[in-house]
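I opened my notebook today to look through one protein chain, piece by piece. Come along and check each entry against the picture.

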Amino acid sequence: MSNILIVEDDILLSDMIKRLLFQNNYKVVSAYSGSEALLILEKQQFDLVLLDLMLPGLSGEIVLEELRKKADIPVIGVSAKTDIDSRINLIKNGADDYLVKPFDNAELLVRIEAVLRRYQKNRICETVLCFKDLTLNTDTLEVKIKDTPISLTKYEYLILQLLMSSPNKVFTKNNIFESVWNEEFLGDDNAINVHISNLRKKFLKANPQGQYIQTVWGLGFKMQD
């Protein structure tokens, strides 16, 4: 359940939005000024901020500026201003969307869903490395070929993560050893060769037609084009 902060000084409007979001299975917290919003944001985590621009004290623009210094939370700006310059400036300053008052409830819900969906996709892209049909999740440490889980040892996982982090780069054995084992490479490449061989065997079992790790003779290894 997504947690949303409403920053709106109009109590009636804030309560209306709060009820609407509750009815659509969102958790909601309300702030009625810019300074209150910043205090709440220091203490709680939110998935999205619905931010009115014309607030008493600290304006919505200042709240957005302060928020962007500390966190990457999606923000939808809300204002009665209809001119295009206001919208452009808000987006340039870090807002993810802009909604003009008065707005339709259905439009508000659609915009919230769209922004949350976009951020969720971005988070997934940051935590999952992909190459062909091979995926490596850096949060859960899961490795899969299509839907088939691949069980890896610690060093197999670390070698694969390194190679997948830059699929087009050739990693020398020196690069691999010092990155994975955190020790100086003294020329003994047996451990690396064994782990690469084991990775290839496991990939072959999961996908007999797939080729994933390429040996670049005299240099090292890379993900295979």
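**Entry 1: a helix and its cover**

I started with helix 3, residues 60–70, and looked up its buried residues: Gly60, Val63, Leu64 and Leu67. I then checked how they sit around the axis; they cover an arc of only 100°, which puts them on the same side of helix 3. The model is a predicted one, and I keep that in mind for every entry.

What covers these buried residues of helix 3? I found that the cover includes helix 2 (34–43), helix 4 (84–92), strand 3 (48–52) and strand 4 (75–79).

Next I traced an open sheet of five strands, in the order 2-1-3-4-5, with parallel pairing. Its edge strands are strand 2 (27–31) and strand 5 (97–100), each of which pairs on one side only. From one strand to the next, I noted a twist that averages 20°. A reminder from my course notes: strands of a sheet pair through backbone hydrogen bonds, either parallel or antiparallel.

I looked at one pair in detail. Strand 1 (residues 3–7) pairs with strand 2 in the parallel sense, over five bridges. In this pair I could pick out valine 7, which stands opposite alanine 31 in strand 2.

I also followed helix 4, which lies across strand 4 and strand 5 and runs at about 150° to strand 5.

**Entry 2: one tyrosine**

Then I jumped to tyrosine 212, in the loop between helix 8 (190–206) and strand 11 (213–216). Is tyrosine 212 buried or exposed? Its relative accessible area is 4%, under the 20% cut-off, so I wrote it down as buried. Leaving out residues up to four places away in sequence, I listed what tyrosine 212 touches, including Phe131, Leu134, Ile145, Phe203 and Met223.

How far is tyrosine 212 from valine 7? I read 205 residues in sequence and 49 Å in space, C-alpha to C-alpha.

**Entry 3: the whole chain**

Last, I stepped back. I counted eight helices and 12 strands in the protein chain. The radius of gyration is 25 Å, well over the 17 Å that the globule rule gives for 225 residues, so the chain is more spread out than a compact globule. The C-alpha atoms fill a box of roughly 70 × 35 × 35 Å along the principal axes.

Of the 225 residues, 42% count as buried. The chain exposes about 12700 Å², and carbon and sulfur atoms supply 51% of that area.

Key:
Residues are numbered from 1 along each chain as its sequence is written. This is a predicted model: local features need pLDDT of at least 70, side-chain atom pairs count only at pLDDT 80 or more; totals for chains, interfaces and linings use all residues. Side-chain values use heavy atoms; hydrogens and water are left out. Buried means under 20% relative accessible area, exposed over 50%, partly exposed in between (1.4 Å probe, protein chains only). Helices (H or I, at least four residues) and strands (E, at least two) are DSSP runs, numbered from the N terminus. The arc is that of the directions from the helix axis to the C-beta atoms. Contact means heavy atoms within 4.5 Å. Two strands pair if DSSP finds at least two bridges between them. Axes are lines fitted to C-alpha atoms, for helices over the stretch in contact, and angles run from 0 to 180 degrees between N-to-C directions. The radius of gyration is taken over C-alpha atoms; the globule rule is 2.2 Å times the number of residues to the power 0.38. Accessible areas come from the Shrake-Rupley method with a 1.4 Å probe; for residues, only the protein chains shown count as cover.
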